[in-house]
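Trainee: I would like to learn how to read the features of a model like this one. Please take me through it step by step.

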Amino acid sequence: MRKEISFIHAADLHIDSPFKGLTHLPETIKQDVLSSTFTALDQLVRTAIAKKVDFVLLVGDIFDHNLHSLKAQVHVRTACEKLGEHDIDVFISFGNHDYLKGSPFQLTFSPNVHIFQSEEVTYFPYVKNNETIAHIYGFSYENQAVTANKAVEFNKQGDNVPYHIAMLHGSVDQQTDHEPYAPFKTAELLQKPFDYWALGHVHSRTIIHENPPIVYPGNTQGRHRRESGEKGCYYVKMNQSAANLEFIPLHSIEFKDIDIDVTHVETIDEVEHAIQHAINPYDTMQTPILFHITCKNAQYALIELEKKGYIEELVDVCNSSYEHAHIWKYIYKIRMEHEHGQDQRFQVEDHFLTELEHMWEHTQVESLIEPLFNHVQARTFLQQLSNAEKEAIKQAAREELLYALVHKRGI
Ligand SMILES: [Mn+2]
């Protein structure tokens with residue numbers, strides 16, 4: 001009969017993430033934001049100790065960038081030591097953001113830490129009271145990209161060992177939000193006799209399969225508006241017949257992406273009211289929130305207020321009433337989205353505007369921003385844009401141009 005085991009499964013901690021788009025935040029909020037990825041790990045350690053788990057699995061992208069910032073490494077080392085003091089082992093594999101060859105150094109971790117040191121799939125035994133209870137399988141990215149299907153390289157070893165747990169940082173099926181590294185299909189994992197597939201890489205929490213569990217825990221702290229809602233890890237208990245999974249939140253800040261319909265909003269008063277109305281429901285939240293607000297169907301009057309800087313000023317005023325609370329709230333971005341087709345001013349019979357519309361349909365952002373991506377200094381700081389980002393650039397340019405044209409013509 002198999003003894004019960006319990007563990008924490010986390011991935012994509014991205015510790016010391018720089019939160020690049022949030023440099024304009026007030027200092028105290030900025031400090032909370034910058035420390036949030038560290039705080040998530042602290043919360044994980046507290047949870048592991050409180051639950052008295054056997055071990056912790058960290059499945060890739062523990063660090064945010066290949067340099068593995070020293071501050072982040074020291075923090076992880078200290079966290080692991082603390083777990084060691086409570087007899088909790090830690091198994092670590094590195095992913096595409098913290099691949100082995102990118103790091104100029106690796107600190108020495110306490111003996112309870114087991115790090116997969118190559119791209120070859122191997123295993124560590126988990127030993128408790130002189131008995132091997134589990135084999136933990138995995139590999140680390142040596143370079144930024146692993147394009148091979150690593151799932152096929154996982155092979156169970158040791159039939160007498162009660163549990164076999166696989167750690168895999170990679171991309172399932174047709175995942176489009178993340179780089180298609182170490183791609184695999186769910187069916188391939190199901191063909192292998194593992195008791196639990198501890199996945200990493202995809203940042204949204206997903207249970208792909210129940211029995212055996214195939215699980216993306218998501219990242220431990222959201223870092224932008226597309227990583228919204230609760231973030232954390234899974235606390236897993238397994239016995240001979242079943243696995244029980246409990247999601248444990250670890251985030252200390254939440255990102256919220258809110259859409260407001262402003263079709264009938266024309267004055268500053270009305271905008272203020274619309275913002276309050278959208279944010280008030282979050283008054284009882286126990287976590288600070290960073291809001292990204294998109295005003296849908298903004299009409300000409302509103303766009304004009306925005307161009308004159310009044311919307312930004314209004315947001316500052318709103319923020320000043322929320323930002324000093326212990327559980328603060330902060331609007332870090334407000335965006336006007338203009339459905340010009342619904343605005344009479346843009347419905348002019350005009351070949352020029354029609355032609356312009358036609359052009360937008362066919363314009364590719366890539367060729368226009370190519371010089372920037374080829375620039376010797378700029379390119380080292382740039383990452384490939386996602387389709388959503390390209391679409392946002394196109395949309396913003398389109399709104400800017402249409403506004404300028406209409407404004408000039410005084411339609
Ligand atoms: Mn990641």
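**Reading the model**

Mentor: Elements here are DSSP runs numbered from the N terminus, with helices H or I of at least four residues and strands E of at least two. This is a predicted model, in which local features need pLDDT of at least 70, side-chain atom pairs count only at pLDDT 80 or more, and totals for chains, interfaces and linings use all residues. Residues are numbered from 1 along each chain as its sequence is written.

Trainee: Which residues of helix α5 are buried?

Mentor: First the cut-offs. A residue is buried if 20 or more other C-beta atoms lie within 10 Å of its own, exposed if 12 or fewer, and partly exposed in between; the C-beta atoms are placed from the backbone. In α5 (residues 300–307), the buried residues are L302, I303, L305 and E306.

Trainee: Why do they line one face of the helix?

Mentor: The general idea comes from the helix repeat. An α-helix has 3.6 residues a turn, so residues three or four places apart point the same way. Down the axis of α5, the buried residues fall within an arc of 155°, so they line one face. The arc is that of the directions from the helix axis to the C-beta atoms.

Trainee: What is the strand order of the open sheet of three strands?

Mentor: Strands of a sheet pair through backbone hydrogen bonds, either parallel or antiparallel. A pair is called when DSSP finds at least two bridges between two strands. Here the order is β13-β14-β15, with parallel pairing. β13 (254–261) and β15 (329–336) stand at the edges with a single partner strand each, so one side of each has no neighbour in the sheet. Neighbouring strands are turned by 20° against each other on average, direction ignored.

Trainee: How many bridges join β13 and β14?

Mentor: Eight bridges pair β13 with β14 (residues 289–296) in the parallel sense. E254 has I289 of β14 as its bridge partner, and F255 has L290. On to the next pair: β14 and β15 share seven bridges, again in the parallel sense. There L290 has Y330 of β15 as its bridge partner.

Trainee: What is the handedness of the unit made by β13, α4 and β14?

Mentor: View the strands pointing away from you. A crossover is right-handed if the path from the first strand over the helix to the second runs clockwise. β13, helix α4 (residues 268–279) and β14 make a right-handed β-α-β unit.

Trainee: Is D12 buried or exposed?

Mentor: D12 counts as buried because 28 C-beta neighbours lie inside 10 Å. D12 sits in the loop between β1 and α1. Check its backbone too: phi is positive, about 50°, although D12 is not a glycine.

Trainee: Where is N297 found?

Mentor: N297 is in the loop between β14 and α5. Its phi is positive, about 60°, and N297 is not a glycine. With 19 other C-beta atoms within 10 Å, N297 is partly exposed.

Trainee: Which residues does the cis peptide bond join?

Mentor: N211 and P212, with omega about 5°. P212 lies in the loop between β9 (206–209) and β10 (214–216).

Trainee: What does the domain assignment give?

Mentor: Such bounds come from an automatic or database domain assignment. The assignment gives domain 1 (5–249), domain 2 (253–337) and domain 3 (350–411). The centres of domain 2 and domain 3, taken over C-alpha atoms, are 25 Å apart. As for the inventory, the protein has nine helices and 15 strands.

Notes:
Axes fitted to C-alpha atoms, helices over the stretch in contact; angles between N-to-C directions.
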